[in-house]
Amino acid sequence: MEVSSNLSSKTDSDSYAEVNDVITQISSKVQIQDITTELHCPLCNDWFRDALMLSCGHNFCQSCIQNFWKQQANETFCPECKMLCQYSNCTFNLVLEKLVEKIKKLPLLKGHPRCPEHGENLKLFSKPDGRLICFQCKDARLSVGQSKEFLQISDAVHFFTVGEPWVFNSLEQFLRKAGKNHLLDFFQYHPFIQEELTIHQGQLEATLKELQSLKNMQKDAIAAHKDITPLLDSLEQGMRMLTPKELVSRKLSPGVFKGPIQYTMWRDMQSTLSPGLSPLTLDPKTAHPNLVLSKNRTSVWHGDIKQLMPDDPERFDSSVAVLGSKGFTSGKWYWEVEVAKKTKWTVGVVRESILRKGSCPLTPEQGFWLLRLRNQTDLKALDFPSCSLKLTSNLNKVGIYLDYEGGQVSFYNAKTMTHIYTFSSMFMEKLYPYFCPCLNDGGENKEPLHILHPQ
């Protein structure tokens, strides 16, 4: 099973031709500066990166608009015109990306970088913002009482390359530790997985070489007394990217690089796997009154008749859901849920303190890390914003992996162990498995959710 986003892209060749026509018509530096202002994201005031066009027509960096929405209490509206815009209706603006690339290569832009807001040369580095600024930016920050941590460019280069060597050292230690732990999982079954060991060790070594290459480039640039402005510009972007979380997210996707890797490859060796298949059961005290549990508490389905149940604080009264009887405050856990023949369901992990009376947004911010199916084929990860996933094969069993200390919840097609989606978060309280078989819809969705146990 493979998954992909439902975001579309503009690839009209005629539009690219128009971009080339625009470039050839630019004849003065003033015109270029006017255009570059339009090619900067309104939220970060920097060149567009992975530009998204909202349904209202305004453009923003993908990461900028997602961060903006996270700060707006789940309201996905345009920061410019305030129009409500669904993430699923956004499109990657490849024409705009192409224009940015061509404009940035023009000779007239090879001089000193300028502030997109004030038009002045960028001669200072703001430590709180982690970016280059001009003197007017500095005055504006001081006028509102913001931090006074401003560095000259030469001092900033020293700060990142000499004064703060722990940035590279800590990253290198993280990679080596993560890679070592990952490779040890394979090493104990050496006769069976020598080929996989070689592949993953090569991936780790290649990533470490990239890190060393960046460090060498910085040293060479300083030793050759090159213009340090472009060097610092690359540094500030590089340091934002070279954090352990971002590096793993971009280079070593947690759902692929980390996960129930042993179970993926040696499901027949269940007695020695860690994590193996956890024999979970359901907690009847949490079940919605319309839910029916099997005697062994491994299956749950929706019944037409609402049962008379005590309205305990733990019980759901709106969502037709039930929790697992075991909660987790540490460790790595993996379980599988059979969902065959069902038209809709929701499974995943939740915090112990979630709202169980009434309804609330099923988002990570509210303590829900869930995968949901509707209409047999509409699969979504209920992230913020939600992420639509394309089903390319039958999904009869869902594998759920929880790494508490690692802050990871991942979903897999349990038949093929193909990665579906990964949530990354920080867990501070007890977590429980979550199961929602949904309404039976007159028998169309009558099949139960069934927790699989080791054979």
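Biologist: Which residue in β20 is the bridge partner of V337?

Modeller: This is a predicted model, in which local features need pLDDT of at least 70, side-chain atom pairs count only at pLDDT 80 or more, and totals for chains, interfaces and linings use all residues. Residues are numbered from 1 along each chain as its sequence is written, and side-chain values use heavy atoms, with hydrogens and water left out. Helices (H or I, at least four residues) and strands (E, at least two) are DSSP runs, numbered from the N terminus. In β20, V337 has as its bridge partner I451.

Biologist: How many bridges join β11 to β20?

Modeller: Two strands pair if DSSP finds at least two bridges between them. β11 and β20 run antiparallel, and the number of bridges joining them is three.

Biologist: How many salt bridges does the structure hold?

Modeller: Side chains of opposite charge can pair when their charged atoms come close. A salt bridge is a side-chain nitrogen of Lys or Arg within 4 Å of a carboxyl oxygen of Asp or Glu. The structure holds four.

Biologist: How many residues apart are K344 and D441?

Modeller: Their side chains meet in a salt bridge, at 2.9 Å from N to O. K344 is in the loop between β11 (332-338) and β12, and D441 is in the loop between β19 (431-436) and β20 (449-452), a separation of 97 residues.

Biologist: Is K344 buried or exposed?

Modeller: Buried means under 20% relative accessible area, exposed over 50%, and partly exposed in between (1.4 Å probe, protein chains only). D441 has 33% and counts as partly exposed. K344 has a relative accessible area of 18%, so K344 is buried.

Biologist: Is D311, the salt-bridge partner of K357, buried or exposed?

Modeller: The closest N and O atoms of K357 and D311 are 2.7 Å apart. K357 is partly exposed at 28%. D311 has 59% relative accessibility and therefore counts as exposed.

Biologist: Which strand holds R351?

Modeller: R351 and E429 meet in a salt bridge of 3.7 Å, N to O. E429 lies in the loop between β18 (418-424) and β19, so the pair ties together parts 78 residues apart in sequence, with R351 in strand β12.
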